[in-house]
Amino acid sequence: MKRKKDYKEWNNKSDEELMRLLQQGERDVMILLMRRYKERIITFIFRYVGVYETAVDVAQEVFVRVFRFCNTFTGNDKFSNWIFTIAANLARSEFSKALTRPKLTLDANYEDGDEERTQIIDESYMPDSRVDSSIAAQIIQKALMSLPPNHRMMVIMRDVQELSYDEIAMIEGIEVGTVKSRINRGRLQLQVLLRSLYDELVE
Amino acid sequence: MNNLNESENKGAKELKAKKVPIPNDFEKGVVVRTFLSQLPVVSAPPSFEDNVMMQIGALSEGKPTQTQGKWGYALASGAALTCIVAAGIWYFGNNNSTETNPAPTPIIIQEAPANQTPNNTSVEHKTMNNTIEKKNVKEQRKNSQSFQRKNDSASPVPGFKTHSTGEHEED
């Protein structure tokens with residue numbers, strides 16, 4: 001275990017310097033990196049997938065991958081861009097997996113003459129009141145979830161995580177122009193979806 | 001000079017007079033962005049860091065140190081590959097030899113009559129060899145059958161025995 005002195009020393013270091021220490025075998029650096037990024041990463045993934053448990057699982061996997069592939073981090077790029085790239089890729093694959101999962105469940109009901117009953121899962125997004133306690137936040141999250149995945153990802157990166165257009169372009173590996181147009185389209189769709197909230201505010 | 005100044009002033013006045021067009025949905029756009037930026041931060045569960053560190057600990061047990069580096073990985077993977085290939089060759093080699101050409105065991109050679117001399121004819125040699133080979137095959141089959149019987153209670157995983165149940169012991 002590391003002494004408190006080491007943690008204090010590491011606290012003043014940048015993310016990139018911490019990554020260099022991790023590459024040299026200082027495993028405990030991961031705790032500091034987690035403290036700096038865990039909430040941002042969980043928030044980012046939650047806003048994209050919409051399920052808290054999934055968001056936490058994927059965020060854990062993100063940090064495990066940071067450790068596993070720390071040697072591939074060259075230091076030419078910002079650490080935040082690198083970790084957001086991992087998070088975006090994992091969130092996207094998790095979301096697509098959830099879409100392809102079978103949507104029918106067989107629920108055995110033994111009371112009604114041992115009949116097996118087919119139950120159809122409600123596909124509409126249910127807001128997580130543990131995370132979004134206010135109704136406004138729940139409505140916004142629901143609106144986000146109804147955006148196309150690509151637009152949603154961009155809008156979350158720009159308007160929730162407040163990343164720059166250049167950073168988003170770097171993370172997604174696409175042109176800045178494409179990022180801007182996707183964000184614009186996403187925002188326009190959100191304006192329509194959030195009309196009720198807007199009208200309430202104006203009144 | 002005066003003319004230049006006058007023309008500059010004119011240009012500035014014209015720019016002021018021209019209003020920059022504002023999109024109709026400007027206000028809505030601002031409101032939407034404000035909504036999004038005010039979404040609450042999602043907090044991590046208290047066990048988050050511990051879980052990650054446990055997973056990392058499990059990973060790093062099998063991970064080579066920095067000093068080993070890529071060469072360590074290469075050597076380890078090479079050694080594993082050689083082991084697999086050697087095991088495969090040994091397995092298939094053994095199977096083929098038992099089926100086609102069983103080698104005489106030293107015990108049976110001892111059982112052969114001691115007074116056998118090189119004077120015996122080649123025909124006698126052949127018949128003796130044949131009988132020895134047949135005996136060997138039979139014994140090997142017996143051995144393998146008894147080994148299989150013994151291993152009936154063993155688990156499918158080699159090197160691990162299943163615990164016998166109480167019922168079985170009673171029987």
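I'll start with one residue: His151(A) is buried, with a relative accessible area of 12%. Buried here means under 20% relative accessible area, exposed means over 50%, and partly exposed is in between, with a 1.4 Å probe and protein chains only. Before going on, the model is predicted, so local features need pLDDT of at least 70 and side-chain atom pairs count only at pLDDT 80 or more, while totals for chains, interfaces and linings use all residues. Residues are numbered from 1 along each chain as its sequence is written, chains are lettered from A and ligands numbered from 1 in the order in which they are written, and side-chain values use heavy atoms, with hydrogens and water left out.

Back to the histidine. His151(A) sits in helix α7 of chain A, residues 149-160; helices are DSSP runs of H or I with at least four residues, strands are runs of E with at least two, and both are numbered from the N terminus. Leaving aside residues up to four places away in sequence, His151(A) touches Arg182(A), Arg185(A), Gly186(A) and Gln189(A), where contact means heavy atoms within 4.5 Å. With Gln189(A) there is also a side-chain polar contact of 3.3 Å. A polar contact is a pair of N or O atoms within 3.5 Å; within protein, one must be able to donate a hydrogen and the other to accept it, and residues adjacent in sequence count only if both atoms are side-chain atoms.

Next, salt bridges. The structure holds eight of them over all chains, by the rule of a side-chain nitrogen of Lys or Arg within 4 Å of a carboxyl oxygen of Asp or Glu. One of them pairs Arg36(A) with Asp15(A), closest N and O atoms 2.7 Å apart. That pair links helix α3 to helix α2 (residues 15-23) of chain A, 21 residues apart. Arg36(A) is partly exposed, at 29%, whereas Asp15(A) is buried, at 14%.

Asp159(A) pairs with Arg187(A) at 2.9 Å between the closest N and O atoms.

Which residue of chain B forms a salt bridge with Asp159(A)? Arg33(B) does, with closest N and O atoms 3.7 Å apart. Arg33(B) lies in α2 of chain B and Asp159(A) in α7 of chain A, so this pair joins two chains.

That brings us to the interface. The rule finds three salt bridges across it, including Glu49(B) with Arg35(A) at 3.6 Å between the closest N and O atoms. The contact takes 29 residues from chain B and 44 from chain A. Together the chains bury about 3400 Å², 69% of it on carbon and sulfur atoms; buried area is the accessible area, with a 1.4 Å probe, that two parts lose on being put together, summed over both. On the chain B side, Leu36(B), Val42(B) and Phe48(B) lose the most area to chain A, together 19% of what that side buries.

Last, Met30(A). Not counting residues up to four places away in sequence, Met30(A) touches Leu22(A), Phe63(A), Val66(A) and Phe67(A), and from chain B, Met53(B) and Ile56(B).
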